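Hello,

Have a look at it first, then read on.

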Amino acid sequence: VQYAGRTITVCGVVASASYAQDSRGMPTFLNFDKPYPKQEFMVVIWGTNRSKFGTPELTLVNKRVCATGQVELYRGVAEIEVVTPSALQVSR
C-alpha cells in the first residue's frame, strides 16, 4: 500500500499462477509468496502482451521472479502490470 503509484522492483517466489483466457482482457496472474487468494503481491500480464512471455503460468511457478513497474492496488492487493519481458527477471 505504501508503494502505490511508485515505480519499484518487487521480488518473490511465484506461488501460483493462472491464465484467465475467458476473462475480459485475458490476464495472466503471477501470485507472489502465497497462492491466490492469499498472495502478498501480484504481477499481471494482459492478453495483448501475453505472446511476448510464452506460458508464464507454467514456466514461472516456484521460481523467484523480480518485476519492475508501477505499483497499483487492485481489491487491496498490490500489483504491477508488465508489458515487456524485460520487466521480469527470473532467478535460475
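Val10 touches Phe32, Phe41, Val65, Cys66, Ala67 and Ile80, once neighbours within four places in sequence are set aside; contact here means heavy atoms within 4.5 Å. Val10 belongs to strand β1, residues 7-19, and is buried with a relative accessible area of 15%. For that label, buried means under 20% relative accessible area, exposed over 50%, and partly exposed in between, using a 1.4 Å probe and protein chains only. The C-alpha atom of Val10 is 9.2 Å from that of Val71, and 61 residues separate the two along the chain.

Before going further, please keep in mind that this is a predicted model, in which local features need pLDDT of at least 70 and side-chain atom pairs count only at pLDDT 80 or more, while totals for chains, interfaces and linings use all residues. Residues are numbered from 1 along each chain as its sequence is written, and side-chain values use heavy atoms, with hydrogens and water left out.

Phe32 and Phe41 are both buried, and a search of the whole structure finds one aromatic pair. The ring centres of Phe32 and Phe41 are 5.6 Å apart and the planes meet at 50 degrees, so the pair is tilted. Rings of Phe, Tyr and Trp (its six-membered ring) pair if their centres lie within 6.5 Å; planes under 30 degrees apart are called stacked, over 60 edge-to-face, and the rest tilted.

Now the overall layout. The chain has one helix and six strands, in the order β-β-β-α-β-β-β along the sequence. Helices (H or I, at least four residues) and strands (E, at least two) are DSSP runs, numbered from the N terminus. A compact globule of 92 residues would have a radius of gyration near 12 Å, and the chain agrees, with 12 Å; this radius is taken over C-alpha atoms, and the globule rule is 2.2 Å times the number of residues to the power 0.38. Of the 92 residues, 39% count as buried. Among contacts with a separation of 6 or more, 51% come from residues 24 or more positions apart.

Lys52 sits between β3 and α1 and is partly exposed at 43% relative accessibility. Its C-alpha atom lies 8.4 Å from that of Val83, although the two are 31 residues apart in sequence. Asn49 is in the loop between β3 (41-45) and α1 (56-59), and it is buried at 11%. With neighbours within four places left aside, Asn49 contacts Val82 and Val83.

Finally, some backbone details to look at:

- Tyr36 and Pro37 are joined by a cis peptide bond, with omega about 10 degrees; Pro37 is in the loop between β2 (28-32) and β3.
- Met26, in the loop between β1 and β2, has a positive phi near 45 degrees and is not a glycine. Met26 is partly exposed, at 37%.
- Arg75 has a positive phi near 50 degrees, again in a residue other than glycine. Arg75 lies between β4 (64-74) and β5 (77-81) and is exposed at 73%.

Best wishes
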